[in-house]
Amino acid sequence: MELSFCNASSLRFPHTDSVPLHYCSIPESFHTFSNSYLASKSISLRRPLIWPQPRLVRLRAESVSPTESNGSVDKHVDDDFIIEDVPHLTDFLPDLPSYPNPLKRSQAYAIVKETFVNPEDVVAKDIIVQKDSPRGVHFRRAGPREKVFFTPEEVRACIVTCGGLCPGINTVIREIVCGLKNMYGVDDVIGIQGGYRGFYSKNTLDLTTKVVTDIHKRGGTFLQTSRGGHDTKKIVDNIQDRGINQVYIIGGDGTQKGAAAIHKEVEKRGIKVAVAGIPKTIDNDIAVIDKSFGFDTAVEEAQRAINAAHVEAESMENGVGIVKLMGRYSGFIAMLATLGNRDVDCCLIPESPFFLEGPGGLYEYVEQRLKENGHVLIVLAEGAGQEYVAQSMQAFQEKDASGNRLLLDVGLWLTQHIKDHFTNIRKMTINMKYIDPTYMIRAIPSNASDNIYCTLLAQSAVHGAMAGFTGFTVGPVNSRHAYIPIDRVTETTNTVNLTGRMWARLLASTNQPSFIQDSQAVRERVDKQTIDAIHNMIINST
Ligand SMILES: Nc1ncnc2c1ncn2[C@@H]1O[C@H](COP(=O)(O)OP(=O)(O)O)[C@@H](O)[C@H]1O
Ligand SMILES: O=P(O)(O)OC[C@H]1O[C@](O)(COP(=O)(O)O)[C@@H](O)[C@@H]1O
Ligand SMILES: [Mg+2]
C-alpha cells in the first residue's frame, strides 16, 4: 500500500476513496502510528509527517534566551524532532508574574547540584531506535523549575479522586499535601469528597500534613470516589467560588477526559487555575506512561489468589482452578500475574480471542493438562470472552454511571461451561474451584515500590503546577517522569500487544494454545485494524 500527499492539505488513501484531510487537523495519534509504523509497512510518504500547529514544538519563554523570547516560540529545529508540549498559564494569561522557586532555599534541595530541571530537557517517547530512524516524539521532562508562577501564600490547592479504586491513591494524596507544604510552603490544601460530583454537592475537607500523615497505610481513597457526575460548568463555577487555583485530579482515562474539559473551561474563562492530572488505573490501560501506580501491588496480591487456586486444584483429582482478575479491555494484570507465577497453565485476556471446542481449543488443552499433570490452573481477565458471555446470556449492553460498559461475569460463565463439558460430554469427574479476588486486590494499600512511585508522581505534579503548567498528566515515559498533554493519554488505550514479545513470552512460559490457527492471518488482522484506525481518525478529523 502506498500513501502519498496529493498536496499540502490532503492525504490520499489510494486503496479507498480519496479521504481529504486538512493538514492542520491530523490527529495526534496519527503521528504515533505514522512515521515509524508506515515505514515498517513500507508505506512511503513524499514528505515526512510532522505535527501541525498548535501541537508543533513549542518551548516557551523559560527555555529561550531573552533576545529570542517574545512569548512562545516554535522550535521546529528538525522535521523529525517533535515535542508534544503541555499548556502553560501564560498561554492565556501572558502577563502573569513569576517568582524565584523557593525550593532552592529548602533544606532538602539546598545541596542538590542541579536543583532545577533544564528547560530544554525532554523525554523521548521511543527509546528503541535505529541509526537512521526519525528522532520522534518527546515530552517535557517533569521536575522543579527555576521560576514559579504562584507564591506559597496565594496557593489554594484541591485534590479529587475519581473512578475505581487502586492501591496507592492515598499515598498520592498524602504526597501532594506534604510536597506542597514541605517543598513550597503551601498551607492551604482542601480535599473534594466523593469524586467530581463532590465539587458541587459536598463539603470540602482541610488537608493538613497532620491529617494525611498515616493515610498511605490504608487502601481505598481517603477522599472517597465516584463514577459519573462530571459537570464541567458546575465544577469550574465551584473552583472559582472557592478561590481554588491548583486542581490535582487523580483518576483513570475517564477522569483525565474530565480533567481536560476542566482545563479547557478554565482557559476559556481566563482564570489562573493550574489543572494537573495524576493517572490512576489498576488495569494499566492508560497510554504513553510506562505503568500505572498500584499495578505492581495488584500483580503481587493476585499471586495469593492464584496460589490458593493452585493448592486447591492440585489437592484433588482432576482439579481445575480458575482465577478471575481485573482488566476490562486490557489484560495486563492477568498477563503479568501469570508470568510472575509459573503454575498457571493458561491465561485468557480480552485482547486475545479464544475458543472452547475442537482442536487447539480450551477444552482440549484442559483435558491434556488433566491427563499430564492431574490438575489445571486458568487465570482470566474480566474482559476476556465477553462476546461469548453476552451471546449465552442474551444480555443487553448496560453501562455504569460514567458510561463504561458493565461486564458480564466471564469467570462464572467459563466455570459452568468447563463443568458441563467434562461432566456431560467427556463423562469425567472434575473438581472445580473458582476464585474471584478482584475487589480484594484493588482495596489493599500499595507496596513499597508503588509508594515510591506515588511520591514521584505527586511531587512531579506539584512542581508542574507551581511552574504554571496546566492541562497536563504526569507519568514515567521510559522510566523518566514527564509532563504529557492530557489528550495524549486519553485518545488511545494501552492494551496488550498480541504481536509483541511479552505475549509471546507468556505463551512460551505457559505453553498454552495461542488460539490462533493462522498467525499470519492475525498479524494481517492487527495490521488492518491499525490501518482502519488511522483511516477512521482521518475521517473523524475532517
Ligand atoms: N468523556 C468524559 N468527559 C468528562 N468526564 C468524564 C468522561 N468520562 C468519564 N468522566 C468522568 O470521570 C470520572 C471517572 O470516570 P470512570 O470512567 O468511572 O473512571 P476512570 O477515571 O477510572 O476511568 C467520572 O466522574 C466520570 O463522570
Ligand atoms: O465495580 P466498579 O467499582 O465499577 O469497578 C469495576 C471496574 O473498575 C476497574 O477496576 C478499573 O476501572 P477504572 O480504571 O475505570 O476505574 C475495572 O477493572 C473494573 O471493570
Ligand atoms: Mg476507566
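**Two ligands and the residues around them**

The model is predicted: local features need pLDDT of at least 70 and side-chain atom pairs count only at pLDDT 80 or more, while totals for chains, interfaces and linings use all residues. Residues are numbered from 1 along each chain as its sequence is written, chains are lettered from A and ligands numbered from 1 in the order in which they are written, and side-chain values use heavy atoms, with hydrogens and water left out.

Ligand 1 is surrounded by 17 residues, and the closest are R227, G228, D253, T255 and S402. A residue is counted as near a molecule or strand if one of its heavy atoms lies within 4 Å of it. For T255 the distance from a side-chain N or O atom to an oxygen atom of ligand 1 is 2.4 Å, and for R227 it is 2.8 Å.

R227 also belongs to the surroundings of ligand 2, together with G163, G164, K280, I282, D283, M326, G327, R328, E382, Y439 and R442. Oxygen atoms of ligand 2 lie 3.0 Å from a polar side-chain atom of R227, 2.8 Å from one of D283 and 3.0 Å from one of R328. In an unreviewed entry, UniProt places the feature "binding site" at T281, I282, D283, M326, G327, R328, E382, Y439, M440, I441 and R442. UniProt positions are given in the numbering used here, feature names are shortened, and annotations may be inferred rather than shown by experiment.

R328 sits in the loop between strand 15 (319–325) and helix 9 (332–339). Helices (H or I, at least four residues) and strands (E, at least two) are DSSP runs, numbered from the N terminus. Apart from neighbours within four places in sequence, R328 is in contact with R227, D283, P350, E382, G383, D400, N404, R405 and L407. Contact means heavy atoms within 4.5 Å.

Two residues on that list can be followed further. E382 lies in the loop between strand 17 (375–381) and helix 11 (386–393). Why does E382 count as buried? E382 is buried because its relative accessible area is 18%, and buried means under 20%, exposed over 50% and partly exposed in between (1.4 Å probe, protein chains only). A polar atom of the E382 side chain lies 3.1 Å from the backbone nitrogen of G327. Beyond four places in sequence, E382 touches K324, L325, M326, G327, R328, L407, L408 and V410.

D400 is in the loop between helix 11 and helix 12 (410–425). D400 counts as buried because its relative accessibility is 16%. The D400 side chain reaches the backbone nitrogen of S402 at 2.8 Å. With neighbours up to four places away set aside, D400 is in contact with R227, R328 and L406.

The next element is strand 13 (residues 246–251), in which six of six residues are buried. Q246, Y248 and I250 point one way from strand 13, and V247, I249 and G251 the other way. Strand 10 (residues 157–161) runs parallel to strand 13 and is joined to it by five bridges; two strands pair if DSSP finds at least two bridges between them. In this pairing, C158 stands opposite V247. Strand 14 (residues 274–279) also runs parallel to strand 13, with six bridges between them, and I250 stands opposite I278. From strand 13 the chain crosses through helix 7 (residues 253–269) to strand 14 in a right-handed β-α-β crossover. Right-handed means that, with the strands pointing away from the viewer, the path from the first strand over the helix to the second runs clockwise.

UniProt lists D253 under "binding site" in an unreviewed entry. D253 is partly exposed, with a relative accessible area of 30%. D253 touches I286 and T490, not counting residues up to four places away in sequence.

Conventions. Polar contact = N/O pair within 3.5 Å; in protein donor to acceptor, adjacent residues only side chain to side chain.
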